[in-house]
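Trainee: I have a model open and some questions about its residues. Can we work through them together?

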Amino acid sequence: MPINLMEVDGVSIQPKHRATCHCGAVELELDLLEGLVDVRRCDCSMCRRRGAVAASVTLDGIRIVKGEEHLKLYQFNTNTAKHYFCEICGIYTHHQRRSNPTQFGFNVACLEGINPLKIEGIPTYDGVNHPADRR
């Protein structure tokens, strides 16, 4: 069952919430009117290695406020998903989803003031057996 949250450990999710990479070179503004939607982990080869907690937002729900020139794209396997990370500090910020290309997944840990380690019961999606591979 998907987890949707309006706060994490007493910190409210703002309707327009700031997110940054570790070094601050990349700054995003996310439209989170409904809070954190579809909070999850994934066990695909990429997500397993980065260990990030992700949530979803529509494609027009992320704006790059600064540092677009520092974002690097990484794609693998089917080259459908587009994974973005800061070229300076290496932090994954967001990705255009393979399972739903009309959405970005974003790294919850990049949200200002939010500690994803305080979220309990996060479901893990089966990215090893991706739904798009079952067609």
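The questions below go from the core to the strands, then to rings, charges and backbone angles.

Trainee: What kind of model is this?
Mentor: Treat each value as computed. Local features were taken only where pLDDT is at least 70. The model is predicted.

Trainee: How many residues are in the largest nonpolar core?
Mentor: Residues with the most contacts inside this core include Leu30, Leu32, Phe106 and Val108. Strand 1, strand 5, strand 6, strand 7 and strand 12 each give two or more residues to the core. The core has 27 residues.

Trainee: Which residue of strand 11 stands opposite histidine 83?
Mentor: Histidine 83 belongs to strand 10, where tyrosine 74 stands opposite this histidine. Strand 10 pairs antiparallel with strand 9 over four bridges. Strand 10 also runs antiparallel to strand 11, joined by four bridges. On the strand 11 side, the residue opposite is histidine 95.

Trainee: What is the phi of glycine 90?
Mentor: Strand 10 and strand 11 form a hairpin, with five residues between the two strands. Glycine 90 sits in the turn. Its phi is positive, about 85°.

Trainee: Is the aromatic pair of tyrosine 74 and phenylalanine 76 stacked or edge-to-face?
Mentor: A search of the whole structure finds one aromatic pair. The ring centres of tyrosine 74 and phenylalanine 76 are 5.9 Å apart. Their planes meet at 20°, and planes under 30 degrees apart count as stacked. So the pair is stacked.

Trainee: Where does the accessibility of tyrosine 74 place this residue: buried, partly exposed or exposed?
Mentor: Buried requires under 20%, and exposed requires over 50%. Tyrosine 74 has 37% relative accessibility, so it falls in between.

Trainee: Which ring does the charged end of arginine 50 sit over?
Mentor: The charged end is 3.6 Å from the ring centre. The ring belongs to tyrosine 92.

Trainee: Is arginine 40 buried or exposed?
Mentor: Arginine 40 is in strand 6. Its charged end sits over the ring of tyrosine 125, 5.7 Å from the centre. Its contacts include Val53, His95, Ile122 and Pro123. At 5% relative accessibility, against a cut-off of under 20%, arginine 40 is buried.

Trainee: Which side chain makes a polar contact with the side chain of arginine 40?
Mentor: The contact distance is 3.1 Å. The partner is serine 56.

Trainee: What is the C-alpha separation of glycine 35 and histidine 17?
Mentor: Glycine 35 lies in the loop between strand 5 and strand 6. At 2% relative accessibility, glycine 35 is buried. It touches Leu5, Met6 and Ile13. Histidine 17 is 18 residues away along the chain, and the two C-alpha atoms are separated by 9.4 Å.

Trainee: What is the phi of aspartate 9?
Mentor: Most residues other than glycine have a negative phi. Aspartate 9 lies in the loop between strand 2 and strand 3. At 59% relative accessibility, this residue is exposed. Its phi is positive, about 50°.

Trainee: Which loop holds asparagine 77?
Mentor: Asparagine 77 is not a glycine, and its phi is positive, near 55°. At 59% relative accessibility, asparagine 77 is exposed. The loop is between strand 9 and strand 10.

Definitions and conventions: Residues numbered from 1 in each chain as written. Predicted model: local features only at pLDDT ≥ 70, side-chain atom pairs only at ≥ 80, totals over all residues. Heavy atoms only, no water. Core = buried A, V, L, I, M, F, W, Y, C linked by side-chain atoms within 4.5 Å. Buried < 20%, exposed > 50% of the residue type's maximum accessible area, 1.4 Å probe, protein only. Pairing = 2+ DSSP bridges. Phe/Tyr/Trp six-rings, centres within 6.5 Å; stacked < 30°, edge-to-face > 60°. Lys NZ or Arg CZ within 6 Å of the ring centre and 35° of its normal. Polar contact = N/O pair within 3.5 Å; in protein donor to acceptor, adjacent residues only side chain to side chain. Contact = heavy atoms within 4.5 Å. Lists of a residue's contacts leave out its neighbours within four places in sequence.
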